[in-house]
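Please consult the sequence and the structure shown here.

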Amino acid sequence: MGLTRKGLLRPLSAAVAMAATTVLVAGAAAAPVDVEPAPGAAAAPVPRADLSHHGYVSLWGDRIAIRIRSENRGPSDVTASTVRLRFSAPLAPSQELPYGCLRGGKATVLCETGGLRSAGGARQTALDLRLAGRPDEVVVRLDGVWSGGARDTDRTNDVHEVLAPATGDAYAF
């Protein structure tokens with residue numbers, strides 16, 4: 001369950017809840033775990049997908065805007081996925097996040113992207129956030145932390161780091 005700005009509870013998807021409780025060692029990529037099937041049982045094939053997240057970051061004053069375009073280049077569909085945004089500056093403690101997003105710490109937000117069909121249309125995520133201060137620049141790190149059980153075959157297009165100076169200009173990732 002997540003809290004809205006007014007303190008009311010609302011359900012969050014299992015994907016976002018799972019991503020919020022997943023702990024990764026700094027610098028380590030999430031790797032799929034292959035499990036040995038029970039003797040005599042057939043192993044279920046692990047679906048494969050190629051998720052990509054691209055967009056831009058814009059910083060001015062104490063405001064930061066992030067636009068993310070998430071898509072799946074296949075070969076399998078993904079029922080849901082989650083992206084994590086980590087900021088080099090803390091976010092303002094009280095603010096409303098878009099539906100499907102939750103705080104993962106003082107400077108972290110997790111957002112579900114929904115289902116992504118193989119070679120289907122892209123999903124858009126828009127965040128307009130306030131920072132706790134007025135930094136001259138912010139580094140934003142974006143990575144996919146959950147892909148609906150599919151093995152992502154190319155992690156290079158869904159892990160990004162972008163420096164956004166406080167100019168109001170859009171910086172692409």
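## Salt bridge between Asp143 and Arg86

The side chains of Asp143 and Arg86 form a salt bridge, at 3.9 Å from N to O; the term denotes a side-chain nitrogen of Lys or Arg within 4 Å of a carboxyl oxygen of Asp or Glu. Asp143 belongs to strand β10 and Arg86 to strand β6, so the pair ties together parts that are 57 residues apart in sequence. Strands are DSSP runs (E, at least two residues), numbered from the N terminus.

Asp143 is buried, at 7% relative accessibility, whereas Arg86 is partly exposed, at 33%. Buried means under 20% relative accessible area, exposed over 50%, and partly exposed in between (1.4 Å probe, protein chains only).

## Basis of the model

This is a predicted model in which local features need pLDDT of at least 70 and side-chain atom pairs count only at pLDDT 80 or more, while totals for chains, interfaces and linings use all residues. Residues are numbered from 1 along each chain as its sequence is written, and side-chain values use heavy atoms, with hydrogens and water left out.

Arg141 forms a salt bridge with Glu161, with the closest N and O atoms 3.1 Å apart. This pair links strand β10 to strand β12 across 20 residues. Arg141 is partly exposed at 32% relative accessibility, and Glu161 is exposed at 56%.

Strands β10 and β12 pair in the antiparallel sense over seven bridges; pairing requires at least two DSSP bridges. Five strands form an open antiparallel sheet, in the order β7-β8-β6-β10-β12.

Note on methods: Helices (H or I, at least four residues) and strands (E, at least two) are DSSP runs, numbered from the N terminus.
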